[in-house]
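Please look over the sequence and the structure shown below before reading on. The report that follows starts with the chain as a whole and then turns to some of its parts.

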Amino acid sequence: MGNTSSMLTQYDIEEVQEHCNHTFSQQEIVSLYERFCQLDRSGGGFISAEEFLSVPEFAVNPLSQRLLRMLDGLNFKEFLAFLSAFSPRATLQQKVEFIFKVYDSDCNGRVTFNDMLEVLRDLSGQYISEQQREQVLTQVLEEAVFTKNSLLGLSDFMKVLGNSGLKMEVEVPVD
C-alpha cells in the first residue's frame with residue numbers, strides 16, 4: 001500500500017476490510033486512504049505523532065496525548081483498525097476495548113483508580129477540583145460495585161459500559 005490512492009488495489013481494500021471486521025465500506029476505505037496519504041507527509045507509509053497533531057480537531061482533543069501513545073507510527077491497516085472503533089458498524093466490544101486502551105496507560109491490562117483519575121483530569125482540566133474529581137469517580141465506582149482499590153480489567157469495563165448505549169461514531173466523508 002503505497003502513498004497514492006492509485007496504488008490501493010481491490011485486494012488491498014478487501015484485506016483491510018477483513019482486518020477491520022468490515023467496519024468500513026470500500027468507498028470509506030478509499031477515502032480514508034486518501035486522508036492517510038495526506039497526513040503521511042514524509043511518504044514513508046506511517047503516520048507520526050507530529051503528523052497526527054497537524055489535524056486541528058485532534059490537536060485540541062483533551063485526550064490527544066493519550067491517543068498519541070496508541071497512534072504513533074501506524075501504517076494504513078493499523079490506522080484503520082484504530083479508527084474502526086468509531087464506525088457505526090463497530091461492535092460494542094470493539095468500542096469498549098478502545099476505551100479500555102485509553103484508560104490503561106501503562107498497558108498492563110488493568111485500570112486503577114489513578115488511571116481513571118488521570119483521564120478525568122485530562123477531560124475536566126481546571127474546571128473541577130481534585131477533591132471533586134475523586135468524589136465523582138469514587139461514586140461512579142461504588143455504583144458499579146467497585147472500590148478505589150479495584151483493578152478493573154476489560155471484562156469489568158464490558159460489565160459497566162455494556163448496557164450504557166455507548167455511542168462513538170464519526171462519519172467518514174465519501175467523495
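The chain holds 10 helices and 0 strands, where helices (H or I, at least four residues) and strands (E, at least two) are DSSP runs numbered from the N terminus. Along the sequence, the pattern accordingly reads α-α-α-α-α-α-α-α-α-α. This is a predicted model, in which local features need pLDDT of at least 70 and side-chain atom pairs count only at pLDDT 80 or more, while totals for chains, interfaces and linings use all residues. Residues are numbered from 1 along each chain as its sequence is written, and side-chain values use heavy atoms, with hydrogens and water left out.

Of the 175 residues of the chain, 38% are buried, a term for under 20% relative accessible area, with exposed meaning over 50% and partly exposed lying in between (1.4 Å probe, protein chains only). Among contacts (heavy atoms within 4.5 Å) between residues at least 6 apart in sequence, 63% join residues at least 24 apart.

Two helices can be set side by side by their spans, the expected value being 1.5 Å times one less than the number of residues.

| Helix | Residues | Expected span | Span between end C-alpha atoms |
|---|---|---|---|
| H8 | 113-124 (12 residues) | 16 Å | 16 Å |

In H2, the buried residues are Glu-28, Ile-29, Ser-31, Leu-32, Tyr-33, Phe-36, Cys-37 and Leu-39, and their cover includes helix H1 (10-19), helix H3 (49-52) and helix H6 (76-83). In H8, the buried residues are Phe-113, Asp-115, Met-116, Leu-117, Val-119 and Ser-124, which pack against H5, H7 and helix H9 (130-143). After H8 comes Gly-125, whose phi is positive, near 55 degrees.

Two packed helices are described by the angle between their axes and the distance between the axes. The axes of helix H5 (residues 64-71) and helix H7 (residues 92-103) come within 9 Å and cross at roughly 110 degrees, which makes H5 roughly perpendicular to H7, a label given to angles of 65 to 115 degrees. At this contact, Arg-66, Leu-67, Arg-69 and Met-70 of H5 meet Phe-98, Lys-101, Val-102 and Tyr-103 of H7. The residues of the contact of H5 with H7 divide into 5 nonpolar, no polar and 3 charged.

Notes:
Axes are lines fitted to C-alpha atoms, for helices over the stretch in contact, and angles run from 0 to 180 degrees between N-to-C directions. Angles under 35 degrees count as roughly parallel, over 145 as roughly antiparallel, 65 to 115 as roughly perpendicular and the rest as oblique. Ala, Val, Leu, Ile, Met, Phe, Trp, Tyr, Cys and Pro count as nonpolar, Asp, Glu, Lys and Arg as charged, and the others, Gly among them, as polar.
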